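Dear colleague,

I am handing over the structure we spoke about, and I would be grateful if you could look through it when you have time. My notes follow directly after it.

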Amino acid sequence: MGITRGFGVDIGGSGIKGGLVDLEAGALDGERMRIPTPQPSTPEAVAEVVAEIVEKFNWDGPVGVTLPCVVKHGVALSAANVDKGWINTNAQELFAKRLKRKPEDIVVMNDADAAGIAEMTFGAGKGHEGLVVLLTFGTGIGSAVFLDGQLVPNTEFGHLEVDGHDAESRAAASVKEEQDLSWEEWTPLVSRYVNVLENLIWPDLVIAGGGVSKKAHKWLPLLKVRTEVVAAALKNDAGIVGAAVAAAHGIHH
Ligand code: BGC
C-alpha cells in the first residue's frame, strides 16, 4: 500500500493555511487551518506559525511547504510579496529545525508550482499533455509550466513586462480588490497579460487558479485570448495539496 495521508502548508501574502491531505482523493482530509500571515512576514515569524499549524494537527510525518518565492534546493531566492529577509534563506533547514524533522522530510517549493502539481495530478490539468500553464491570481500572479505533465519549476511569469509594467502590478486579483474594479474592468487587464504570455510560449491550455478561480464563471467568459482557459478545480486548496504530494513522495525542486 502507498502513502495515503500527507500534510501541506501554503504560505501566502495574507494567510498561512495548512491541513491534512488525502493523497488518493487529492483533497483536504478534514478542515484546514488558516492564520493571518505575521507582519512583517520574516522567516522566523512565519516558521512559528507553520509550527503552530502542524502541531495543532498532531502531524509527525513529512511536511510540504509553499512559499511565494523562487525556491531552489530548499533555498528561497526571491521575495516579491513577502519580507525580503526570505531571500537566500534556507527554508528547508529553517522548517526542519523548527518542526524537529530531518531536512529530507521537508519539501519547500514555489506556491504556484505546488498548486500546479495538484491541478495536474487531480484537477483541471489531469491527463493533459502538451504545454499547460497554471496561473494563480492572488496578491501577485504565480505561474507553473508543465510539458507533458512534467513541471518546469520557478517560471515567474507573473513578472513578465506588460506595456512597461510588472504584469502582476496590473492584473493580479489584489489589483481588482484595491481599485475596486468590476469584472468587466479587471478582465481586459488579464486578457492583455495572457496575450503577452501566449505570444511568447504558446500554451495548449491555461488553468486559472487563485482565490478568484472560485468566481471563474464571472470572468472567464469575458476573456479575449487565443488559448483555451479553464478554471482550476482545487480552488484555494491546490497549494496545500500539491505541497503535501511533493513531500510524501520526496520530490525536491
Ligand atoms: C512571486 C511568485 C509567486 C507569485 C504568487 C509572485 O510575486 O514572485 O514566486 O508564485 O507571486 O504568490
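This is a predicted model: local features need pLDDT of at least 70, side-chain atom pairs count only at pLDDT 80 or more; totals for chains, interfaces and linings use all residues.

The secondary structure of the protein comes to eight helices and 15 strands. With a radius of gyration of 17 Å, close to the 18 Å that the globule rule gives for 253 residues, the protein is as compact as a globular protein of that length. Along the principal axes, its C-alpha atoms fill a box of roughly 50 × 40 × 30 Å.

The domain assignment divides the protein into domain 1, made up of 5-113 + 237-248, and domain 2, which covers 127-232. The centres of the two domains, taken over C-alpha atoms, are separated by 23 Å. Where they meet, 10 residues of domain 1 are in contact with 14 residues of domain 2, and the two domains bury about 840 Å² between them, with 47% of that area on carbon and sulfur atoms. Asn81, Ala112 and Asp113 together supply 57% of the area that domain 1 buries against domain 2, which is more than any other three residues.

As for specific interactions across this interface, the rule finds zero salt bridges, whereas three residue pairs are found in polar contact. On the side of domain 1 that touches domain 2, strand 6 (71-72) and helix 3 (111-122) each supply at least two residues, and the residues of that side divide into five nonpolar, three polar and two charged.

In the protein, the count of salt bridges comes to six. Asp29 lies in the loop between strand 3 (27-28) and strand 4 (33-36), and Arg5 in strand 1 (residues 5-11), so the pair ties together parts that are 24 residues apart in sequence.

Leaving aside its neighbours within four places in sequence, Leu94 is in contact with Pro43, Ala47, Trp86 and Thr89. Leu94 and Gly74, which are 20 residues apart in sequence, are 9.5 Å apart in space, C-alpha to C-alpha.

How values were computed. Residues are numbered from 1 along each chain as its sequence is written. Side-chain values use heavy atoms; hydrogens and water are left out. Domain bounds come from an automatic or database domain assignment. Contact means heavy atoms within 4.5 Å. Buried area is the accessible area (1.4 Å probe) that two parts lose on being put together, summed over both. A salt bridge is a side-chain nitrogen of Lys or Arg within 4 Å of a carboxyl oxygen of Asp or Glu. A polar contact is a pair of N or O atoms within 3.5 Å; within protein, one must be able to donate a hydrogen and the other to accept it, and residues adjacent in sequence count only if both atoms are side-chain atoms. Helices (H or I, at least four residues) and strands (E, at least two) are DSSP runs, numbered from the N terminus. Ala, Val, Leu, Ile, Met, Phe, Trp, Tyr, Cys and Pro count as nonpolar, Asp, Glu, Lys and Arg as charged, and the others, Gly among them, as polar. The radius of gyration is taken over C-alpha atoms; the globule rule is 2.2 Å times the number of residues to the power 0.38.
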